[in-house]
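Open the model in a viewer and keep the selection tool at hand. The stops below go one selection at a time.

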Amino acid sequence: CVMMTRKIGIVCYPTVGGSGVVATELGIQLAEQNHEVHFISTTMPFRLKKLYPNIYFHEVEVSNYPVFKHPPYDLSLASKIAEVIDREELDIIHAHYAVPHAICSIFAKQMANRDVKIVTTLHGTDITILGIDDNFNHMISYAIDQSDQVTAVSNSLRKQTENAFNITKPIEVIYNFIDPEPRYTQGNLRSQLGIQEHEKVLIHISNFRQVKRVDDVVKVFKTVHDQMDSKLLLVGDGPEHLKIRNLVDELGLSESVIFLGRQDNVHDLLTISDLKLLLSEKESFGLVLLEAMVSGVPCIGTDIGGIPEVIIDNETGFISQVSDIDDIAQKSITLLTDDEKWNEFSIKAKKYAIKHFSAEQIVKQYENIYQNVLKN
Ligand code: GMT
């Protein structure tokens, strides 16, 4: 049956990694399905490059009045959500993250005059890091119980949430998704970056937090680089950046590691890459893996969180134990020296990503959830 078009408010951190990408792309896809989409956030969603007449942006202004030691972001957000619920007559608020976004949405719903349903998507960090903190545990359980429907981006995250919190509400797994036909904009990046024809290219993309273990990526690269002419692209920025630069210098790799900082067009960088490494110790999904796979880049990831739900070991890439540098390096070398195997993995990775994680099918799952919560 054809779904009625709805007015959907999306609350997210648009510039924070995968969750921002997923929330923004979901909004765009919903607008393509003729829903009216209202982003409620501090900054304009960063991947919104085209004008959509049915996408609106409501900016949350955080007042920095000198009396307060900490600007009350959460309260400004809650009051903005309440205002938008009433003025725009929203049917649904889709909050990305339990804390603070679901909590703010629950508070806003109480303030607003109009009844609205709350769908909360758990992305990880709030559960796997904040959830461990006793101060937050109770609040996260509350956010989950008070939402009309909760989704998690992987089975692993669903199980972790069920184990860590005292909740009765069922959590539905809806995987993250990708555009099966990413847009490439540049053709001669390899030469622009000084990469020679015969060199193999490894890539890592993250926000350089400690949990991403970027140092392991550099250590693996050291072994690979000792065996073959190669370059490592490091994309992103974050708290570990300086430490990683120092490690690269110490290992004598500064000529071969290219620091690219934050980049919007990761697909261009992926098309020139042969192997993607995501060696995190915590990762509820790993959207960057999907982005690589859809560009035909095999990935090596760690055996934690949702990563094994995305990479099929020994078929689309490899799975290794966290911090097992030798094993990861060996697997990298195997893939980079065996063209036949590489081609097979590359084709399978792309097919698998499109078959299981394409935007169209995943967005339908969210639409079904909206429809179900509105029935009750
Ligand atoms: O990984 C981060 O530090 C950023 C965070 C985010 O908010 O984007 O990522 C989380 O959500 C992504 C989208 O669902 C997932 O792909 C990431 O695996 C997840 N990160 C962690 O669980 C550490």
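This is a predicted model: local features need pLDDT of at least 70, side-chain atom pairs count only at pLDDT 80 or more; totals for chains, interfaces and linings use all residues.

**Stop 1: strand β6.** Select residues 149-152, which form strand β6. Show the side chains: Q149 and T151 lie on one side, V150 and A152 on the other.

Stop 2: To find one of the pairings, pick T120, whose bridge partner in β6 is V150.

**Stop 3: strand β7.** Next select residues 171-173, strand β7. β7 pairs with β6 through three bridges, again in the parallel sense. Here I171 of β7 stands opposite V150. To follow the chain from β6 to β7, trace it through helix α6, residues 155-164; this β-α-β crossover is right-handed.

**Stop 4: the ligand.** Which residues come nearest to the ligand? Select G17, G18, S19, H123 and G124: of the 20 residues around the ligand, these come nearest. Now colour helices α1 (17-32) and α4 (125-128), each of which supplies at least two residues of the shell. The largest share, four residues, comes from α1.

**Stop 5: the whole shell.** Colour the shell by residue class: six residues are nonpolar, eleven polar and three charged. Then colour by domain, with domain 1 as 7-177 + 358-375 and domain 2 as 189-356. Each of these domains gives at least three residues to the shell around the ligand.

Terms used
Residues are numbered from 1 along each chain as its sequence is written. A residue is buried if 20 or more other C-beta atoms lie within 10 Å of its own, exposed if 12 or fewer, and partly exposed in between; C-beta atoms are placed from the backbone. Two strands pair if DSSP finds at least two bridges between them. A crossover is right-handed if, with the strands pointing away from the viewer, the path from the first strand over the helix to the second runs clockwise. A residue is near a molecule or strand if its C-beta atom, placed from the backbone, lies within 6 Å of it. Ala, Val, Leu, Ile, Met, Phe, Trp, Tyr, Cys and Pro count as nonpolar, Asp, Glu, Lys and Arg as charged, and the others, Gly among them, as polar. Domain bounds come from an automatic or database domain assignment.
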